[in-house]
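This report describes the strands, the sheets and the nonpolar core of one protein model. Please consult the sequence and the coordinates shown below alongside the text.

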Amino acid sequence: MNEKTKKSEKEWKQQLSPEQYRVTRKKGTERPFTGKYHNCKEDGVYVCVCCGTPLFHSDHKFDSGTGWPSFHSPVHEDNVAVEEDSTLWMVRTEVLCNKCDAHLGHVFPDGPQPTGQRFCINSAALDLDQNQDDVKNKDKSTTEEQ
Ligand SMILES: [Zn+2]
């Protein structure tokens, strides 16, 4: 996880949709209830739309009623980075992809157990990978193979 994904602004623009680019590279926020995942209940792993790093699991998703996909924990703590963000007249904690520094959203201390945290993430920063369910099914698949 030491090697960062670095691309030029031009390369990101080519790879991403205008909305994905605005959110992840320009620290934008999509309007609530407009993203494709806020109400999504499909199983799978939410990966970074920029670099494919697994970020959140559907098992950790909960309905926060905010209009953004919300998770109580990341797939792996090393895959996300947090940083203090004091724009918009208040101090919030920004959540970033640790691999490519994509802006994902913010984390708030008012989430459900077991962590008490609420990762409030833009759908535009995520891509749901339904084939990559190995985080949950690692043990099961080895016994099923024979
Ligand atoms: Zn990334």
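Which residue in E9 does Val45 stand opposite? The residue opposite Val45 in E9 is Asp129.

## Model and confidence

The structure is a predicted model, in which local features need pLDDT of at least 70 and side-chain atom pairs count only at pLDDT 80 or more, while totals for chains, interfaces and linings use all residues. Residues are numbered from 1 along each chain as its sequence is written.

The average pLDDT (the predictor's confidence in each residue, from 0 to 100) is 90 for the protein, and 88% of the residues score at least 70. Over residues 137-146, pLDDT stays under 50, and the model has zero contacts beyond four places in sequence for this stretch. A contact requires the C-beta atoms of two residues, placed from the backbone, to lie within 7 Å. Where pLDDT is low, the predicted coordinates should not be read in detail.

## The three-stranded sheet

Strands here are DSSP runs (E, at least two residues), numbered from the N terminus; two of them pair if DSSP finds at least two bridges between them. Three strands form an open sheet with antiparallel pairing, in the order E2-E1-E9. Strand E2 (54-57) and strand E9 (126-129) are at the edges with a single partner strand each, so one side of each has no neighbour in the sheet. On average, neighbouring strands of this sheet are turned by 35° against each other, direction ignored; the axes are lines fitted to C-alpha atoms, and angles run from 0 to 180 degrees between N-to-C directions.

Strand E1 (residues 45-48) is joined to E9 by four bridges, and the two run antiparallel. Cys48 has Leu126 in E9 as its bridge partner. Three bridges link E1 to E2, also antiparallel, and Tyr46 stands opposite Phe56 in E2. The hairpin of E1 and E2 has five residues between the strands, and Gly52 takes a positive phi near 85° in it.

## The six-stranded sheet

A further open sheet comprises six strands in the order E3-E4-E8-E7-E6-E5, paired antiparallel. At its edges stand strand E3 (61-62) and strand E5 (80-85); each has a single partner strand, so one side of each is left without a neighbour in the sheet. Strand E4 (residues 70-71) and E8 run antiparallel and are joined by two bridges. Phe71 has Phe119 in E8 as its bridge partner.

## The nonpolar core

A nonpolar core is a set of buried Ala, Val, Leu, Ile, Met, Phe, Trp, Tyr and Cys residues joined through C-beta atoms within 7 Å. The largest one has 26 residues, and those with the most contacts inside it are Cys48, Leu55, Cys97, Leu104, Ile121 and Ala125. E1, E2, strand E6 (92-97), strand E7 (103-108) and strand E8 (118-121) each supply at least two residues of this core, and its largest share, four residues, comes from E1.

Leu55 lies in strand E2. Why does Leu55 count as buried? Leu55 counts as buried because it has 27 C-beta neighbours inside 10 Å, the cut-off being 20 or more other C-beta atoms within 10 Å. Beyond four places in sequence, the contacts of Leu55 include Tyr46, Cys48, Cys97, Leu104 and Leu126.

How values were computed: Buried ≥ 20, exposed ≤ 12 C-beta atoms within 10 Å, placed from the backbone.
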